[in-house]
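Trainee: Could you show me how to read helix packing and ligand surroundings in a model of this kind?

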Amino acid sequence: MAMRKKAAKASSKATRKKSAKKVVKLRAKKPDSKHVARNAMPRPSAKAWGQAGRALDGVRILDFTHVQSGPTCTQLLAYMGADVIKVERPGVGDITRGQLRDVKGVDSLYFTMLNGSKRSITIDSKHAKGKEILDRLVRRCDVLVENFAPGALDRMGLTFDHIHKLNPRMIVASVKGFGPGPYEDCKVYENVAQCAGGSASTTGFRDGPPLVTGAQIGDSGTGLHLALGIVAALYQRTRTGRGQKVLCAMQDGVLNLARVKLRDQQRLRRGPLTEYSQYGEGIPFGQATPRAGNDSGGGQPGWILKCKGWESDPDAYVYFITQAPVWGAICDLIGKPEWKTDPDFSTPNARLPRLRKIFATIEGWTMTMTKFEVMALCNKHDIPVGPILSMKELAEEPSLRATGTVVEIDHPTRGPYLTVGNPIKLSDSPADVRRSPLLGEHTDEILRDVLEYSAMEVAELKASGALNASEKKAEAA
Ligand code: CAO
């Protein structure tokens, strides 16, 4: 027994020694391996800027998105070079192809402006052969993006476990209306998200109802959040070798964009929100962040002011910010030099209860000029002012065309149309903005080149009905 104990002691000592040696070895290796990892990055390209491919070259996306939120995400990734394969229901496609149509029989602008630079394949995901094709796609793609109603992907058999068994590297990215909780099973559209995420209750005028905003912060905003999540997961995968789930709930996305209003909610506990014009008007605050009309959401008071022509032009306005450092210049410009020294106006705190009077006086001045004249004059003095631009003006603005933010694209059935290009400018990855695909336009080439089916197999798949709509189904849609 004692002998065995002794032997065991000796052997554990030896193991400890050995492992200590190992630790030393590992420790010695650690800086090296870091060094190697850093050196594993290719040498800086000698190619000219913009000639070294695109940021997401080599990333293939199985795009199961529809309507707006998901498509916004995958379109952006496509602009950045990802190969986005949009899977659509045979004969029907993304519902937006036929929504808000301005030209009979062709894909709507709703669709074309959210699905640029993608390829389209039609697959019936509930058909046995369709499921086989989808499994093959899962094996050959890096990311699956979807924004179906909760549970729809699972009902197709594409559970996370199934996907991960087929391809452990796959990132599965989803938009849902709500995160886990009481509403997780609910379907959600843009304005529902704006209301549930705190935007509507804080938008509009105090004496009016809650308002939704025209900017699609629920759909497009959440799509942008999802794109960031996907890119982060792709980066983490370079270290872990495995994919993960990425979930963006529209309520969370809207709340993230409305975070300054949650800031104000907490400030309310300590007293009135002095930068809200309601404070200057002597109207008491309630329990929750109120609607602030056109008050600025930051620390520099602002308001929308009329300009020349406002009587007939609904957009003849400027947003005017009374930024404290340029207060003197504002007083001189609007013909109120005495406000520079008047204790009622000379400091930001003194001005807060008088914002209404101040903006009314400034408006008396802005109404004598067009919004562009106001902007030109104010800019000379570093006064932050912005014209209210109509969509017509934005569509015609040459500088937005020059930067590729507004792009004119030709389409085989609808002709030329405008779209919004990539608002994120990468100096070494020029945006790849191409027209949206026709329904199923790339079915054959994807089956052949990506999935490597033989000509005979393609013919068999077509005959199976997994790729085409039955007459009845197409009519019903
Ligand atoms: N082949 C066969 N069936 C397909 C298919 C294909 N290629 N693609 C989709 N389908 C099926 C789905 O499997 C689903 O069927 P089941 O309900 O039987 O499982 C069905 O089409 C409908 O999907 P859906 O429920 O997602 O679509 P919907 O029009 O009823 O709802 C929406 C739309 C947007 C409310 C819902 O998808 C949703 O809440 N999505 C999450 C939140 C979101 O992104 N909202 C923003 C949308 S943009 O305003």
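This is a predicted model: local features need pLDDT of at least 70, side-chain atom pairs count only at pLDDT 80 or more; totals for chains, interfaces and linings use all residues.

Trainee: How do α2 and α8 cross, and at roughly what angle?

Mentor: The general idea is to look at the axis distance and the crossing angle together. Here the axes of helix α2 (residues 69-79) and helix α8 (residues 219-240) come within 7 Å and cross at roughly 45°, and α2 and α8 are therefore oblique to each other. The crossing of α2 and α8 is right-handed.

Trainee: Which residues of α2 meet α8?

Mentor: From α2, the residues S69, T72, C73, L76 and L77 take part, and they meet D219, S220, G223, L224, L226, A227, I230 and V231 in α8. Sorted by class, this contact of α2 with α8 holds eight nonpolar, four polar and one charged residues.

Trainee: At what angle do α8 and α9 pack?

Mentor: Helix α9 (residues 250-257) packs with α8 at an angle of about 95°, the axes being 9 Å apart, and because angles of 65 to 115 degrees count as roughly perpendicular, that is how α8 and α9 are described. On the α8 side the contact is made by D219, G221, T222 and H225, and on the α9 side by M250, G253, N256 and L257; by class, the residues of this contact divide into two nonpolar, five polar and one charged.

Trainee: Which residues around the ligand come nearest?

Mentor: There are 23 residues around the ligand, of which A149, R155, K187, V188 and D219 come nearest. For polar pairs, one asks which atoms are involved. A polar side-chain atom of R155 lies 2.8 Å from a ligand oxygen atom, a polar side-chain atom of K126 lies 2.9 Å from an oxygen atom of the ligand, and a backbone N or O atom of S125 lies 3.0 Å from a ligand nitrogen atom.

Definitions and conventions: Residues are numbered from 1 along each chain as its sequence is written. Side-chain values use heavy atoms; hydrogens and water are left out. Axes are lines fitted to C-alpha atoms, for helices over the stretch in contact, and angles run from 0 to 180 degrees between N-to-C directions. Helices (H or I, at least four residues) and strands (E, at least two) are DSSP runs, numbered from the N terminus. Angles under 35 degrees count as roughly parallel, over 145 as roughly antiparallel, 65 to 115 as roughly perpendicular and the rest as oblique. A crossing is left-handed if the near helix is turned anticlockwise from the far one by less than a right angle, and right-handed if clockwise. Contact means heavy atoms within 4.5 Å. Ala, Val, Leu, Ile, Met, Phe, Trp, Tyr, Cys and Pro count as nonpolar, Asp, Glu, Lys and Arg as charged, and the others, Gly among them, as polar. A residue is near a molecule or strand if one of its heavy atoms lies within 4 Å of it. A polar contact is a pair of N or O atoms within 3.5 Å; within protein, one must be able to donate a hydrogen and the other to accept it, and residues adjacent in sequence count only if both atoms are side-chain atoms.
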